[in-house]
Amino acid sequence: QVQLVESGGGLVQPGGSLRLACETSGISVSDYAMGWYRQAPGNERELVARIFRSGVTRYGNSMEGRVAISKEVANDTVYLQMDGLRPEDTAVYYCNAERFTDDDIRLHYWGQGTQVIVFS
């Protein structure tokens, strides 16, 4: 059974930092494209950052330059370092894992999310 469990969210003041973690079980992060997405009330879920199997990273527009995604293969965990947080970064942050099988079947999984609240 695949599980993605996010942690590290919380309350932070503007300009502060948080480091989110996504601990996985049932998969190897080296076999998947791993990503962080976020969803604020009334908004669609949007990409924050992705890291591909090769280690190449891609960032969404909303937080580019203020976030860094990384993965630790040894413990199958993905991290999101967030700096310079703003009130508009308040959202639930979700971890995602995705890959395609040899038969071109898409496998993708989501965690339950971790709440980030940026307030002054």
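Strands are DSSP runs of at least two residues, numbered from the N terminus, and two of them pair if DSSP finds at least two bridges between them. With that in hand, welcome to this predicted model.

**View 1. The hairpin of β4 and β5.** Strands β4 and β5 form a hairpin with six residues between them. Look for Gly42 in the turn, where phi is positive at about 80 degrees. The pairing of β4 with strand β5 (residues 46–51) is antiparallel and runs over five bridges. Along this pairing, Met34 of the protein chain stands opposite Ile51 in β5.

**View 2. β4 beside β9.** Strand β9 (residues 91–100) also pairs with β4, in the antiparallel sense and over seven bridges. Which residue of β9 is the bridge partner of Arg38? That partner is Tyr93.

**View 3. How β4 is covered.** Strand β4 spans residues 33–39, and six of its seven residues are buried, so this strand is largely enclosed by the rest of the structure. Across the 120 residues of the protein chain, 41% count as buried.

**View 4. The setting of these strands.** The protein chain has eleven strands and zero helices. Its radius of gyration is 14 Å, close to the 14 Å that the globule rule gives for 120 residues, so the chain is as compact as a globular protein of that length. Among contacts with a separation of 6 or more, 53% come from residues 24 or more positions apart.

Technical notes: Residues numbered from 1 in each chain as written. Predicted model: local features only at pLDDT ≥ 70, side-chain atom pairs only at ≥ 80, totals over all residues. Heavy atoms only, no water. Helix = DSSP H or I, 4+ residues; strand = E, 2+ residues; numbered from the N terminus. Rg over C-alpha atoms; globule rule 2.2 N^0.38 Å. Buried < 20%, exposed > 50% of the residue type's maximum accessible area, 1.4 Å probe, protein only. Contact = heavy atoms within 4.5 Å.
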